[in-house]
Amino acid sequence: MGILNTTPDSFSDGGQLQRDGALDLDSALARARDMVAAGADILDIGGESTRPGAEPVSVAEELRRVIPLVAAIDRELDVVISVDTSTPEVMHEAAAAGAGLINDVRALQRKGAMEAAAATGLPVCLMHMRGEPKTMQQQTDYQSVVAEVLDYLLGRAGAAQQAGISADRILLDPGFGFAKSLEQNLSLVRHLPELAKKGYPILVGMSRKSMLGPITGRDVDQRLAGSLALALLAAQSGAKIIRVHDVRETVDVLRVWSAVGSAV
Ligand code: 7PJ
């Protein structure tokens, strides 16, 4: 899954696709084309920055950022389009414009989101987070982060099924970096195989994230090697979808891993 940010303030690549204060559709489409050519099966389009400390965005602004790009990619490229959103209106409009997956870092907890997602008939990715991005890094006290994340995700999966989203349309994500300390993120990586055995496909996003800062001593634009290490560990642990900025390099790593795994 390749990341396509339409936000001016994303932590790792924000603003690169902007011109005159708005998303430049041609640049965004060019990036989408590149990621598909590099081997991405899914593109994740987000119109709200959820990095720690990020400010909320209005519904109108999120729609303006996301929907034209979903429609343009759907017209041109053969790829599954995921929308990274918690907003019911965006879910509805994105589905109509050709989206194939709803990726919600708030696990459909925003008012009306569960109903909106169910009405689209699309698969959903439910991610673990606490609170809101603006303050989430103040909420990292867990008795056991692994058990609590697992409980939360299975609870949300149950709620989704009650709302009419069938189990085979549900993916889970532990939410690396969302209300978690470095140690807690590492613990979740270590215990990914347990999560992967719960019967739902696992999606993970660790690309360039801050957990790599203290480990490698690298700034955000120098975290490719660390991100590739985490992608490989996640795949080996049973994750089915790896959400990344660097598609070409990650696809190489996964192809090598896959070749070794299928060799007799
Ligand atoms: C994630 C996400 C993640 C899922 C972001 C960033 C911050 N969606 N959206 N999982 N992270 N499912 O790209 O670093 O980890 S936004």
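Helix H5 runs over residues 145-162, and its 18 residues reach 26 Å from first C-alpha to last, close to the 26 Å expected at 1.5 Å a residue (that is, 1.5 Å times one less than the number of residues). Helices (H or I, at least four residues) and strands (E, at least two) are DSSP runs numbered from the N terminus. This is a predicted model, where local features need pLDDT of at least 70 and side-chain atom pairs count only at pLDDT 80 or more, while totals for chains, interfaces and linings use all residues. Residues are numbered from 1 along each chain as its sequence is written, and side-chain values use heavy atoms, with hydrogens and water left out.

- Val-145, Val-146, Val-149, Leu-150, Tyr-152, Leu-153, Arg-156, Ala-157 and Ala-160 are buried in H5 (under 20% relative accessible area, with a 1.4 Å probe and protein chains only).
- They cover an arc of only 165 degrees around the axis, which puts them on the same side of H5.
- Over on the other side of H5, Asp-151 and Gln-162 are exposed (over 50%).
- The cover over the buried residues of H5 includes helices H4, H6 and H7 plus strands E7 and E8.
- After H5 comes Gly-164, with a positive phi near 100 degrees.

**H1 against H2**

- Helix H1 (residues 25-37) and helix H2 (residues 59-76) pack at about 45 degrees, their axes 10 Å apart.
- That makes H1 oblique to H2 (angles under 35 degrees count as roughly parallel, over 145 as roughly antiparallel, 65 to 115 as roughly perpendicular, and the rest as oblique).
- Leu-25, Ala-28, Leu-29, Ala-32 and Arg-33 in H1 meet Pro-68, Leu-69, Ala-72, Ile-73 and Glu-76 in H2 (heavy atoms within 4.5 Å).

Notes:
The arc is that of the directions from the helix axis to the C-beta atoms. Axes are lines fitted to C-alpha atoms, for helices over the stretch in contact, and angles run from 0 to 180 degrees between N-to-C directions.
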